[in-house]
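Please open the model in your viewer and keep the selection tool at hand. The tour below moves from one selection to the next and says what can be found at each stop.

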Amino acid sequence: MKKSMSEHSETTETTETTGTSGTSGTSGTTETTGKHKPRPDEPGSPKGISIGIIGPDELVKRILHVLKAFPSFSPVAQTYANVDEAPRLAEAIADEVEVLLVSGPVPYNKIREQTSLSLALHYVPLTDTGFYRALSRLKNALGPDSLLRVSIDTLGKPMISQSLAEINETRIVPVLYDGPSNASKEALVAHHAALFDAGACDAVLTAEASVAAALSERGIPNEWVIPTDGNITVALERALLSTETRQSKEAQIVVGLMNLDHFERRIQTHASEHEIQKFKLEIHRMLLDYVASLDGYLTHLGGDEYLFFTTRGIFERVTGGYKSIPLGRSVYQKFGLSLSIGMGFGRSANEAGTHARAALRKSKEAGGDTCFIVGEDRMLIGPLAMSDPLEAALSLTDADLIKRAEDAGMTSAYLSKLMAQVARTGQTDYMVHELAAIMDITVRSTHRLLQQWLDHRLVTISGVEKVPKGRPRQIFRLVFLQDQTGG
């Protein structure tokens, strides 16, 4: 069965001296395949944490796409047609990178067992979300109401049993591979093919692309279980935290300059000096609160300009990987003013300050109401969004509603994920396993939360889907978001 994957588009290096803007949330580096990439401490090396990415071509492209949200990483990508090549590829780039990320547990186990590499090694985990997606595709292809015997490799029995039980799936009979974790492609293909030829299974779920391709050539129905973008993000976060460079950059001081656009014109609307001073104090208080959220230090440089300091790790987390600064929207809503912000990274305070000034100049040249970053290598990152895109999409500003959500156990993380889903699709009706996938939690935990949300009238039961066997599946409506979107 053919898989459709998002094509990876290469990022582009942009420096402040070029006068062209970069792309928000990108690392500003291009990946290299099969070429030597100097370590960050070598002369002439690219800046960033060198990370090796190893896996089949489609998954490597997907990882590189998600990696755009991690500006600290500089990727060195290697692809294979056969998973048995993974150890050789890992050894080939081991001297070029600080950390290795492989596409799944199979190549990870092969590298662990066949090499003696000393650098940090991580893999993208396969969770119930990826399993549900592959299973759904398989059922749609072979008939959703059919009883299917499915031969499955790599995935563990506890996860499969629990996943099937949580969605009340009784039409799937799993036949698990219990061979070695580092089994070759040929061994896995032979195992699945033998079961299919003997009539012991109807289809296959495999975690390896090369196995899926070989089975397809033999005409054996199959689906490749691939990780979700959320799984990839978690793996990249773990890899990031494991590197020495990251640990040192976490504490790196960064400098920020904020300029209030058209400030002089705005204060001319006030009738007295007392009102002007009060207006300035209110602005200062809002900026001070924002910098406090960064655990930073703010000082007023006079007129319409402010200087602040924070650390790189905190700034990266608060901005979601250099994506957005909601402060801009808040300032505009309250004071009718837009902000231009320049952030500077550097090897010294002087260098960071110089880069912050260059970034601020770029923000002003772009027309204001934006933020740019200039890194220690003078690479330009930006523009960053000056508002939370979820807030802009749904305008969830009802304080009473937000409090009800918090009282019902709906954390900001769950709220953001649900808002993002509704903003993308416009859909507010979901079954429990769909909500579990969106929030990246188990179906059991989702059932518990839904009961709380029902009690607080955040959701209602909008219908029931009947199934041939088992209990009917309830459909839940997110009425609190439906109201916000006018549905």
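Begin by selecting strand 4 (residues 99–102), from which Val99 and Leu101 point one way and Leu100 and Val102 the other way, all of them buried. Here buried means under 20% relative accessible area, exposed means over 50% and partly exposed lies in between, with a 1.4 Å probe and protein chains only. Helices (H or I, at least four residues) and strands (E, at least two) are DSSP runs, numbered from the N terminus. This is a predicted model, in which local features need pLDDT of at least 70 and side-chain atom pairs count only at pLDDT 80 or more, while totals for chains, interfaces and linings use all residues. Residues are numbered from 1 along each chain as its sequence is written, and side-chain values use heavy atoms, with hydrogens and water left out.

Strand 2 (residues 49–55) pairs with strand 4 in the parallel sense over 4 bridges, and isoleucine 51 has valine 99 in strand 4 as its bridge partner. Strand 5 (residues 120–123) also pairs with strand 4 in the parallel sense over 4 bridges, with valine 102 standing opposite tyrosine 123 of strand 5. From strand 4 the chain crosses through helix 3 (residues 105–114) to strand 5 in a right-handed β-α-β crossover, a term that applies if, with the strands pointing away from the viewer, the path from the first strand over the helix to the second runs clockwise.

Now select helix 1 (residues 57–67), where Leu59, Val60, Arg62, Ile63, Leu64, Val66 and Leu67 are buried. Among the elements that cover these buried residues of helix 1 are strand 2, strand 3 (73–79), strand 4, helix 4 (128–142), strand 9 (222–224) and helix 8 (229–241).

For the aromatic side chains, of which the structure holds 5 pairs, start with phenylalanine 70 and phenylalanine 73, a tilted pair at 6.2 Å centre to centre with 35° between the planes. Rings of Phe, Tyr and Trp (its six-membered ring) pair if their centres lie within 6.5 Å, and planes under 30 degrees apart count as stacked, over 60 as edge-to-face and the rest as tilted. Phenylalanine 70 and phenylalanine 73 are both buried. Move on to phenylalanine 263 and phenylalanine 279, whose ring centres are 6.5 Å apart and whose planes stand at 10°, so that this pair is stacked. The pair links distant parts of the chain, with phenylalanine 263 in helix 10 (residues 263–267) and phenylalanine 279 in helix 11 (residues 273–293), 16 residues apart.

Select strand 11 (residues 297–302) and strand 12 (residues 305–311) next, which run antiparallel and are joined by 5 bridges. They form a hairpin with 2 residues between them, and glycine 303 in the turn has a positive phi of about 65°.

Then centre on glutamate 351 in helix 14 (residues 349–365), which counts as partly exposed because its relative accessibility is 22%. Not counting residues up to four places away in sequence, glutamate 351 touches Gly346 and Glu376, where contact means heavy atoms within 4.5 Å.

Definitions and conventions:
Two strands pair if DSSP finds at least two bridges between them.
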